[in-house]
Each structure stands twice: as structure tokens, then as C-alpha cells.
Amino acid sequence: MSDMQEGQTIGGRAMESMTGRLLVATPALKDPNFDRTVVLLVAHEPGGALGVVLNRATEVAVADVLGDWSDLARHPAVLFEGGPVQPESAICLARMRHPIKPVKGFHRVSGAVGTIDLSVDPERLRDAIGGIRVFAGYSGWGAGQLEREIEEGSWFVLDALPGDAFVDRPDDLWPMVLRRQGGMMAAVAHFPPDVALN
């Protein structure tokens with residue numbers, strides 16, 4: 001997908017691309033598919049948005065599904081649930097060691113992080129890649145849908161750090177991202193999973 005040009009409008013309002021940013025589920029978001037999730041947007045254009053959930057590890061080892069790629073998978077070296085759309089498909093995020101060098105099959109999302117084409121021979125990329133994470137399925141939004149959900153208070157839109165997609169303890173990512181914002185947003189990190197039970 002192409003990068004959006006500044007100044008494009010949706011519904012008469014200018015919209016900047018959020019590609020490479022994090023969507024962090026707020027406690028107001030009631031969809032169980034996204035409860036306490038952190039989503040990296042890998043594409044955001046006028047026609048919609050696509051991202052992967054960074055903090056839903058499965059117990060399926062990358063080696064069981066993509067044996068050739070398993071040596072490059074960061075701990076935990078398992079598949080992640082990228083989202084409810086097309087769970088039989090795979091999206092692979094990679095972190096490049098030298099982001100300025102062009103690498104065949106790598107499509108930059110932000111900085112050193114991007115998607116990698118799994119049909120490429122991983123041996124050819126071993127020296128260029130600092131780690132991968134493989135996602136089964138993805139999260140998708142139609143034109144204007146994500147913007148409406150943000151306006152309704154379902155998502156915080158926050159800057160991503162290069163290591164967010166590759167943390168060793170993905171279950172801790174939601175509170176970690178919120179805490180580093182400071183102030184009132186850091187307080188949200190301590191919300192119990194079900195406020196009604198408090």
C-alpha cells in the first residue's frame with residue numbers, strides 16, 4: 001500500500017496517515033477481540049487500515065509452521081494472533097539491523113520495522129534482520145471505521161518504539177505502553193480487567 005500524501009481528506013477533514021503508530025485499546029472498548037490489545041498499524045489509507053495485535057501470543061511454535069524462519073523469531077518464538085481477519089494468513093514483521101540498506105522483500109512500516117515477504121529465502125536475510133514476529137491473521141478497518149472508533153474513545157493512538165513489536169513479555173505490553181505516557185494515561189495501566197468487579 002502506498003504512503004498517504006499529507007492533505008488528503010476524509011469527510012472534509014484532513015487526515016494524516018497513522019501507519020507505524022500504535023492503537024492501544026482503552027478500557028471503554030468492549031469488543032473481546034481487542035480487550036487490552038496493542039495494535040501496530042502497518043497500513044492506513046483513505047480506504048481503511050490494517051494492523052496486527054502485538055500482545056496475543058499463541059502456543060504454536062514458529063518452527064512448527066515456518067521452520068526455515070524459526071531461527072530469526074524473537075522470544076517467544078511462537079505465532080501471534082494478529083487479529084480476527086483471515087486467521088489462516090500470515091503477516092511477518094521484521095526489525096532490520098541496518099534500516100537504510102534496501103532489502104528485497106522488506107516493506108518499511110516505520111524506521112527499522114516493516115513487513116517481510118515470507119516467500120523470500122530467510123538465509124539471504126539472516127545478516128540483515130535483527131528479529132521477526134509472525135502473526136496469524138490481522139485487524140482491519142474499512143474507510144472511516146477506525147477514525148470513528150477513535151472518536152468514540154475505543155483507542156488511544158500513540159507513538160511506537162522500535163522494540164514494541166518484539167518484546168520478550170508481550171502480555172506486559174499494554175500496561176507498559178500506557179505507563180510510559182505518564183500522567184493520567186499511566187493511571188489507566190492499573191485499571192482492573194473488569195471495572196465492575198472492583
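Q: Why is L22 called buried in this predicted model?
A: The relative accessible area of L22 is 0%. Buried means under 20%, so L22 falls in that class.

Q: What does L22 touch, and in which strand is its place?
A: L22 is in strand β3, residues 22-25. Leaving out residues up to four places away in sequence, L22 touches V38, V39, L40, L54, F156, V157, L158, D159, A160, D164, V177 and R180. A contact requires heavy atoms within 4.5 Å.

Q: How far apart are the C-alpha atoms of L22 and V52?
A: They are separated by 9.8 Å, and the two residues are 30 apart along the chain.

Q: What makes a set of residues a nonpolar core, and which members of the largest one touch the most others?
A: The members must be buried residues of the nonpolar kinds, joined through side-chain atoms within 4.5 Å. The largest such core has 39 residues, and V24, L54, L93, W141, L146 and W155 touch the most other members. Two or more residues come from each of β3, β4, β5, β7, β8, β11, β12 and α4. The most come from β4, which gives 6. A second, separate core of 17 residues includes L79, F106, L125 and A128. In soluble globular proteins, nonpolar side chains tend to be buried together.

Q: Which residues are in contact with L54, apart from its neighbours within four places in sequence?
A: L54 is in contact with L22, V38, L40, F80, L93, F135, D164, A165, P170 and L173.

Q: Why is R36 called partly exposed?
A: R36 has a relative accessibility of 23%. Buried means under 20% and exposed over 50%, so R36 counts as partly exposed. R36 is in the loop between β3 and β4, and has a positive phi of about 55° although it is not a glycine.

Q: Why is Q86 placed in the partly exposed class?
A: The relative accessible area of Q86 is 41%. Q86 lies in strand β8 and, although not a glycine, has a positive phi of about 45°.

Q: Where is the peptide bond between H75 and P76 cis, and what is its omega?
A: Omega is about -5° for the cis bond that joins H75 and P76. P76 is found in the loop between α1 and β7.

Q: What percentage of the chain counts as buried?
A: Of the 198 residues, 44% count as buried. The chain has 5 helices and 12 strands.

Terms used:
Residues are numbered from 1 along each chain as its sequence is written. This is a predicted model: local features need pLDDT of at least 70, side-chain atom pairs count only at pLDDT 80 or more; totals for chains, interfaces and linings use all residues. Side-chain values use heavy atoms; hydrogens and water are left out. Helices (H or I, at least four residues) and strands (E, at least two) are DSSP runs, numbered from the N terminus. Buried means under 20% relative accessible area, exposed over 50%, partly exposed in between (1.4 Å probe, protein chains only).
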